[in-house]
Amino acid sequence: MYYLCGIKNYFMSKTIAGFSKLNKSEKIDWIIDTYFSNTPNAKTILTQYWNSDEKLQQLHDEFIENTITNYYLPLGVAPNFLINNQLYTIPMAIEESSVVAAASKAAKFWLDRGGFKTSVISTTKIGQVHFIYKGDYNKLQQFFKAVKPKLISDTAAITANMEKRGGGILDIELRDKTEDISGYYQLHASFETLDAMGANFINSCLEQFAKTFKSDALNFDLFSEEERQIDIVMSILSNYVPDCLVRAEVNCHVDDLVEKDTISGRAFAEKFVQAVSIAEKEPYRAVTHNKGIMNGIDAVILATGNDFRAVEAGVHAYAAKNGRYSSLTHAKIENDIFSFWIEVPLALGTVGGLTSLHPLVKLSLEMLGKPSAKELMQIVAVAGLAQNFAALRSLTTTGIQQGHMKMHLMNILNQFEASKEEKAVLTEHFKNNTVSHSAVVDAIENLRANN
């Protein structure tokens, strides 16, 4: 009991009321006093990442709540991407070694082999009103048929601007989900949001649907008193967007896959197709396979100010759409033509949110030629396909660690605060030696011992 009381007192001593009302300096002072009293440089670390431009720093402070500093990620670029006969340099924000290098290498490989071909299959997004109804389903169907036009008309003020640009509400369906949960139904709505990701637009429409649906049910003559009491559980968009789909692919003759005479084009193609087939059938491999794809996708999503968590959730759900988690990419050899492609759901935006606020996001989009949402979908899909090609190419030839660990070398050297001269010597040393953490440690210790 004394031990439990001690735990309670320990945690209670770290609680604070009104933290959000403190200014940034006061928040930091409380954090330092509470958690870093024995770390004298903690405050310096936090403040050294502030931007010296006060207006720019305030902009970043106001992106989220309780901001105390900025958290940096490298913003790199991968040039030489030929997409539908147009050249792109793709911005990528990511911390993982070798991702940008791998994407760049894949882009260069396919530059002389026709480049990447892409197409947007569909751009439909989904939102749902989840509700509980305890009554006659036939009556509910009749009510929905009667109220559907009003559901749409009551959102006119919300949809006006979107409709002017060619978007808006596409359809609303009533879905019976009572086999899953007693009394559970949905208003399942589809939307076109054009260049906006559309989350706020969709959610606003859904909440109005719910309000109209609930209030009009109270006056529907066929309902009993109990049936009129429809219980709205929630109204929210879905990040599962299987009908917001883009395809990217590469194709060439198997003989054109030869590079540096290390392996024949046909042998490489056959091994590559086998590797993809394994990821299509084996979930343990598919997860790592798709993670590599998301290295490319997420990096561009971040650089362009889109929501990588939403994309991740939707993509992985799509990978399991047939009841078993599987590869997002596919490959084949047909009539001596090697083909490698991806179909992936991507709900993206190029207007609104951070796209019009974050200076680096604006620069990234400008670098890409100020793409529409459809164009950005295609660029992002290509980044994922290129990343996967580079990974599988390494896995089926030299092995993944040779290239990755050489890129990781600099991170290890920085951990040991290697000087510029030491980095030069050790980089040269590991051009012809296997990179591992222990090997780098031994090398730097030997170098320092002999100097």
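Q: Which helices each supply at least two residues of the lining of the largest pocket, and which helix gives the most?
A: In this predicted model, local features need pLDDT of at least 70 and side-chain atom pairs count only at pLDDT 80 or more, while totals for chains, interfaces and linings use all residues. Residues are numbered from 1 along each chain as its sequence is written, and side-chain values use heavy atoms, with hydrogens and water left out. Helices α4 (54-61), α8 (199-217), α11 (283-303), α12 (308-319) and α13 (359-367) each supply at least two lining residues, where helices (H or I, at least four residues) and strands (E, at least two) are DSSP runs numbered from the N terminus. With four residues, the one that gives the most to the lining is α13.

Q: What is the volume of the largest pocket?
A: On a 1 Å grid over the protein atoms alone, a pocket is an open set of points where a 1.4 Å probe fits, with protein on both sides within 12 Å along at least five of seven lines, and lining residues have an atom within 4 Å of a point. Grid points are joined across faces, edges and corners, and the volume is the space filled by probe spheres set on the points. For the largest pocket this volume is about 1,700 Å³.

Q: Which residues that line the largest pocket are the closest to its centre?
A: The lining of the largest pocket consists of 43 residues. The closest of them to the pocket centre are Phe63, Gly305, Leu354, His358 and Val361.

Q: Is Ser364 buried or exposed?
A: Ser364 has its place in helix α13, and, leaving aside neighbours within four places in sequence, Ser364 is in contact (heavy atoms within 4.5 Å) with Leu75, Pro91 and Ala303. Buried means under 20% relative accessible area, exposed over 50% and partly exposed in between, with a 1.4 Å probe and protein chains only. At 1% relative accessibility, Ser364 counts as buried.

Q: Which residue in the turn between β9 and β10 has a positive phi?
A: Strands β9 (residues 329-334) and β10 (residues 337-345) run antiparallel and are joined by six bridges, where two strands pair if DSSP finds at least two bridges between them. Glu334 stands opposite Ile337 in β10. The two strands form a hairpin with two residues between them, and the turn residue with a positive phi, of about 55°, is Asn335.

Q: How many disulfides does the structure hold?
A: A disulfide is a pair of cysteine sulfur atoms within 2.5 Å. The sulfur of Cys205, a buried residue with a relative accessible area of 0%, is 16 Å from the closest cysteine sulfur, in Cys244, and therefore too far for a bond. The number of disulfides in the structure is zero.
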